Amino acid sequence: MSDYYDELETRGSDEREQAQFESIRAQIEHVKANTTAYAKALADVDAGDIHDAAAFGALPLTRKSELIELQRAMRPFGGYTPDRQSRYCHVFASPGPIYEPGYPVPDFWRFARSLYASGIRRGDLVHNCFSYHFTPAGQMFDSAAAALGCAVIPAGVGQTELQVQTIADLKPDAYVGTPSFLKIVLEQADELGSDASSIKKALVSGEALPPPLRESFAARGVEVLQCYGTADLGLIAYESSAREGLIVDEGVYVEIVRPGSGDPVPEGEVGEVVVTNLGKEYPLIRFATGDLSALMPGPSPCGRSNRRIAGWMGRADQTAKVRGMFIHPEQVDRVLKRHPEISRARLVIDWIDQADEITLRCEAADYDQSLGSAIADSIRAICKLRGEVDLVAPGSLPNDGKVIDDVRQYD
């Protein structure tokens, strides 16, 4: 049996890039012709002009944070589904609320690839502890397991004693769910003297997997890997046995951009995860997830050749309120674009002498004192607030994706 889900995972980078941009051009034509939202947003875009990352990066972002208002104006999905061609079979509800469709397509959310990478194979019995209630997580992994030829125990969350009894009776081969709930179930099994040793493989998501927790599972004989996805996009990236970053799924195109902008950041720099879904049913173009991560250099040692990201590294939505005024990352980006001498910047908000103070720390290689004054003028014009400017050498600012750093302490 192959170590890889399909041949797409090991194709050359040039072959993959060419195929992806062919798919992206086709996707742009598809959404312009079949969705209300993109017919408007991409009206002036010629798909034939999109041949590389630079051209694609000039297209507008679709922000997850805007979906609530967009959906309120046009139920249920904000005009992003081509319902004239195929009909959804589920409507899910995530916090916000944000509504997501499910379609009668095998492995619609594409999580089968991540299950396969975690060692789950045809004939396995999978204990699925993702929620089946309103959110799509349970259905995502249910359909993925079915696509692999696995049977599923639709356990959901809670009822730990029943979970433990079911595991002891049915002896599932694998667990999918959050790592914290796996810990709860295994500890409950210990307390009840119940046998949960049949579970040897686990794929977890939805929260952090700290090394000590992973090691504690390994000590019990459970090999735990993780994946990253969203209700809107499905699988984005997944871990392999190499455990060196998360490998980008073959069904999406991933960019890492500076928060508050759509501009790609260099490899290794932390920024916002922007994803383009290449499926036709719920197509999303340059969808800004609000999550932070970074691209890693080179391919995975496991032999899968797609790009890797460093995993979830926080949230990109860093809006703050200063002196009664909201400051958004987009405003900081507008200040940067006025001054090309700045390579990176970070707006630090502090509480000094019982008052809010803001300082824009800017990396710049060559500058004179007039640059600081000009930047201060731009802060005042764009953010409607007075602020200090601190010019620093390139590489001085932390690589954590923060554009706005609120360090205020009031005690």
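**A note on cavities and salt bridges**

1. Helix 10 (329-338) and helix 11 (369-383) each supply at least two residues to the lining of the second largest cavity. Helices here are DSSP runs of H or I with at least four residues, strands are runs of E with at least two, and both are numbered from the N terminus. A cavity is a set of points, on a 1 Å grid over the protein atoms alone, where a 1.4 Å probe fits but cannot get out, and lining residues have an atom within 4 Å of a point.

2. Before reading on, please note that this is a predicted model, in which local features need pLDDT of at least 70 and side-chain atom pairs count only at pLDDT 80 or more, while totals for chains, interfaces and linings use all residues. Residues are numbered from 1 along each chain as its sequence is written, and side-chain values use heavy atoms, leaving out hydrogens and water.

3. Back to that second largest cavity: its volume is about 30 Å³, a volume being the space filled by probe spheres set on grid points that are joined across faces, edges and corners. Val332, Val335, Leu347, Leu360, Ile379 and Cys383 line this cavity. By class, that makes six nonpolar, no polar and no charged residues (nonpolar: Ala, Val, Leu, Ile, Met, Phe, Trp, Tyr, Cys and Pro; charged: Asp, Glu, Lys and Arg; polar: the others, Gly among them).

4. Two cavities of 30 Å³ or more are counted in the model.

5. Arg258 is buried at 16% relative accessible area, and Glu269 is buried at 13% (buried means under 20%, exposed over 50%, partly exposed in between, with a 1.4 Å probe and protein chains only).

6. The structure holds 30 salt bridges, each a side-chain nitrogen of Lys or Arg within 4 Å of a carboxyl oxygen of Asp or Glu. Another one joins Arg315 and Asp291, whose closest N and O atoms are 2.7 Å apart. Arg315 is partly exposed at 43%, whereas Asp291 is buried at 8%.

Terms used. 1 Å grid on protein atoms, 1.4 Å probe; cavity = no way out; pocket = protein on both sides within 12 Å on 5 of 7 lines; lining within 4 Å.
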